[in-house]
Amino acid sequence: DIQEAVKHLKGKVLISGYVPTIPVLLEGTPEEVYEWSMKCLDSGVEMLTPGCAMAPHTPVENINAMAEALADWIGK
């Protein structure tokens, strides 16, 4: 539970949160990737990451959507 992790660990360790690799980054739309990325960031994670190594054919548009979400979140 990310909220529990943030509650107990924020400031003690770096909390990373991830966008699911296959169902979202590989098979999802850029809009889904953006939504998942914002959800992770809004939950209190300090490092946005993919869930695991990215599949070789992950669409560049999806990777860009993850980066765009981070830029928008930082700009809030």
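Helix H3 is followed by Gly 44, a residue whose phi is positive, near 110°; helices here are DSSP runs of H or I with at least four residues, strands are runs of E with at least two, and both are numbered from the N terminus. The structure described is a predicted model, in which local features need a pLDDT of at least 70 and side-chain atom pairs count only at pLDDT 80 or more, while totals for chains, interfaces and linings use all residues. Residues are numbered from 1 along each chain as its sequence is written, and side-chain values use heavy atoms, with hydrogens and water left out.

Helix H3 itself has 13 residues and reaches 18 Å from its first C-alpha to its last, which is close to the 18 Å expected at 1.5 Å a residue, the expected span being 1.5 Å times one less than the number of residues. Its buried residues are Val 33, Ser 37, Met 38, Cys 40 and Leu 41, where buried means under 20% relative accessible area, exposed means over 50%, and partly exposed lies in between, as computed with a 1.4 Å probe on protein chains only. Seen down the axis of H3, these buried residues fall within an arc of 160°, so they line one face of the helix; the arc is that of the directions from the helix axis to the C-beta atoms. On the other side of H3, Glu 31, Glu 35 and Lys 39 are exposed. The buried residues of H3 pack against strand S1, helix H2 (21–26), strand S2 (47–50) and helix H4 (60–74), with contact taken to mean heavy atoms within 4.5 Å.

Trp 36 also lies in helix H3, and it is partly exposed, with a relative accessible area of 32%. When residues up to four places away in sequence are not counted, Trp 36 touches Tyr 18, Val 19, Pro 20 and Val 24. The C-alpha atoms of Trp 36 and Met 66 are separated by 8.4 Å, although these residues are 30 residues apart along the chain.

Met 66 belongs to the buried residues of helix H4, which are Asn 62, Ala 65, Met 66 and Ala 69. These residues cover an arc of only 100° around the axis, which puts them on the same side of H4. On the other side of H4, Val 60, Glu 61 and Ile 74 are exposed, whereas what covers the buried residues of H4 includes S1, H2, H3 and S2. The 15 residues of H4 should span 21 Å at 1.5 Å a residue, and the end C-alpha atoms are 21 Å apart, which agrees. Asn 64, placed in helix H4, is partly exposed, with a relative accessible area of 45%. Asn 64 and Pro 30 are 34 residues apart in sequence and 7.9 Å apart in space, C-alpha to C-alpha.

The loop between S2 and H4 contains Pro 59, which is partly exposed at a relative accessible area of 25%. Pro 59 touches Leu 25 and Leu 26, not counting residues up to four places away in sequence. The C-alpha atoms of Pro 59 and Asp 42, which are 17 residues apart along the chain, are separated by 24 Å.

The largest pocket holds about 170 Å³ of space. A pocket is defined on a 1 Å grid over the protein atoms alone, as an open set of points where a 1.4 Å probe fits, with protein on both sides within 12 Å along at least five of seven lines, and its lining residues have an atom within 4 Å of a point. Grid points are joined across faces, edges and corners, and the volume is the space filled by probe spheres set on the points. The largest pocket is lined by Ile 2, Gln 3, Ser 16, Gly 17, Tyr 18, Trp 36, Lys 39, Cys 40, Ser 43 and Val 45. Two or more residues of this lining come from each of helix H1 (2–9), strand S1 (16–19) and helix H3 (30–42). The lining divides into five nonpolar, four polar and one charged residue, with Ala, Val, Leu, Ile, Met, Phe, Trp, Tyr, Cys and Pro counted as nonpolar, Asp, Glu, Lys and Arg as charged, and the others, Gly among them, as polar.
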